[in-house]
Amino acid sequence: MLNKTRGIVLHSIPYNDKYSIVYMYTERFGRATYMVARSRGKKSPVSRALFMPLSVLEMEVEHKNKRDIHRIKESRVHIPLNELFCNPVKNILALFLAEVLYRAIKETEPDTRLFEFLVRSIQYLEVADKGIANFHLVFLLQLLNYLGVYPNTESYVANSYFDMLNGEFITRLPLHRHYLNQVESMVFARLFRISFENMGVYTFGRQERVNIIHRILEYYRLHIPDLPEIKSLSVMQSLFD
């Protein structure tokens, strides 16, 4: 039985000379894995060229409950992303964010709120022309809402410390090493006020931006089990040197 669903490409790897394995986050099935023929033909019902990181597709898929890898019968572009794939800055941001999603989203159950957030974010990256250097910071912080580990940002007061383990600002040093100092905590309190709409008015120095992204990923690792190193981080950071 065929099912229709939208899906977002997270990662793909070659399987053999004829097929690739594609990991996606779908509207109907949550995280799912598909076998995709490595055909470049325009007349193919499943074109390999469609499966770029963060591509948003409409698909007809065959899902079987006892199968770990499913099949895509037909696929087409749901949202054209010319800027995302042709602009080198946006393209590398897409690679980085797709890798984070591939590593962080492990649930196979569908989540409509998460899926719609991802689609809106991808659309915003496609059209954004200001504050692009802050896009990944906004995205990663907002994503915490949908992963269920968003910190208590209302607990911030001047000269407090951000307790990364418990996700809250506190006025005394915690009894563990996973915390931000007072200056870092002030920066993080400011960060939680950034949105896609106002990210163009926020400026950070290179080293400050490097520290911020490493601290955000540290928070991810503390709250998402077995989150490995994000390999594309160094490439993404080189964009803003």
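Helices (H or I, at least four residues) and strands (E, at least two) are DSSP runs, numbered from the N terminus. The views below show a predicted model, in which local features need pLDDT of at least 70, side-chain atom pairs count only at pLDDT 80 or more, and totals for chains, interfaces and linings use all residues. Residues are numbered from 1 along each chain as its sequence is written, and side-chain values use heavy atoms, with hydrogens and water left out.

**View 1. N159 in the loop between α4 and β6.** N159 lies in the loop that runs between α4 and β6 (161-163). Its phi is near 65°, a positive value in a residue other than glycine. Most residues other than glycine have a negative phi. Is N159 buried or exposed? N159 is exposed, with a relative accessible area of 55%. Here buried means under 20% relative accessible area, exposed over 50%, and partly exposed in between (1.4 Å probe, protein chains only).

**View 2. N152, in the loop between α4 and β6.** N152 is partly exposed, at 36% relative accessible area. Which residues does N152 touch, leaving aside its neighbours within four places in sequence? The contacts of N152 are G167, E168 and F169. Contact means heavy atoms within 4.5 Å. From N152 to N166 the C-alpha distance is 9.0 Å, and the two are 14 residues apart in sequence.

**View 3. An open sheet of 3 strands.** The strand order is β7-β6-β8, and the pairing is antiparallel. The edge strands are β7 (168-170) and β8 (179-180), each pairing on one side only. Two strands pair if DSSP finds at least two bridges between them. β6 and β7 are joined by 3 bridges in the antiparallel sense. Within that pairing, Y161 has I170 in β7 as its bridge partner.

**View 4. Strand β1 and its partners β2 and β4.** β1 (residues 2-14) pairs with β4 (residues 56-62) in the antiparallel sense, over 7 bridges. T5 has M59 in β4 as its bridge partner. β1 is also joined to β2 (residues 19-26) by 7 bridges, again running antiparallel. G7 stands opposite T26 in β2. How many residues lie between β1 and β2 in their hairpin? The hairpin has 4 residues between the two strands.

**View 5. P53 and L54, in the loop between β3 and β4.** P53 is partly exposed, with a relative accessible area of 22%. L54 counts as buried, at 4% relative accessibility. The phi of L54 is near 75°, a positive value in a residue other than glycine. Leaving aside its neighbours within four places in sequence, P53 is in contact with V9, F85, A94, L95 and A98. P53 and T26 are 27 residues apart along the chain, and their C-alpha atoms are separated by 14 Å.

**View 6. Helix α3 (residues 112-127).** The helix has 16 residues. From first C-alpha to last, α3 reaches 23 Å, close to the 22 Å expected at 1.5 Å a residue. The expected span is 1.5 Å times one less than the number of residues. Buried residues of α3 include L114, F115, F117, L118 and V119. Also buried in α3 are S121, I122, L125 and E126. An α-helix has 3.6 residues a turn, so residues three or four places apart point the same way. What covers the buried residues of α3? The cover includes β1, β2, β4, α1 (82-86), α2 (88-104) and α4.

**View 7. The second largest cavity.** On a 1 Å grid over the protein atoms alone, a cavity is a set of points where a 1.4 Å probe fits but cannot get out; a pocket is an open set with protein on both sides within 12 Å along at least five of seven lines; lining residues have an atom within 4 Å of a point. Grid points are joined across faces, edges and corners, and a volume is the space filled by probe spheres set on the points. The count comes to 2 cavities of 30 Å³ or more. The second largest cavity has a volume of about 40 Å³. L141, L144, P151, F162, F188, F192, I216 and Y219 line the second largest cavity. α4 (135-147) and α6 (206-223) are the elements that give two or more residues to this lining. The lining divides into 8 nonpolar residues, no polar and no charged. Ala, Val, Leu, Ile, Met, Phe, Trp, Tyr, Cys and Pro count as nonpolar, Asp, Glu, Lys and Arg as charged, and the others, Gly among them, as polar.

**View 8. The second largest pocket.** This pocket has a volume of about 320 Å³. Its lining has 13 residues, of which R31, H63, R67, H70 and T108 lie nearest the centre. β3 gives the most to the lining, with 3 residues. The lining residues divide into 2 nonpolar, 5 polar and 6 charged.
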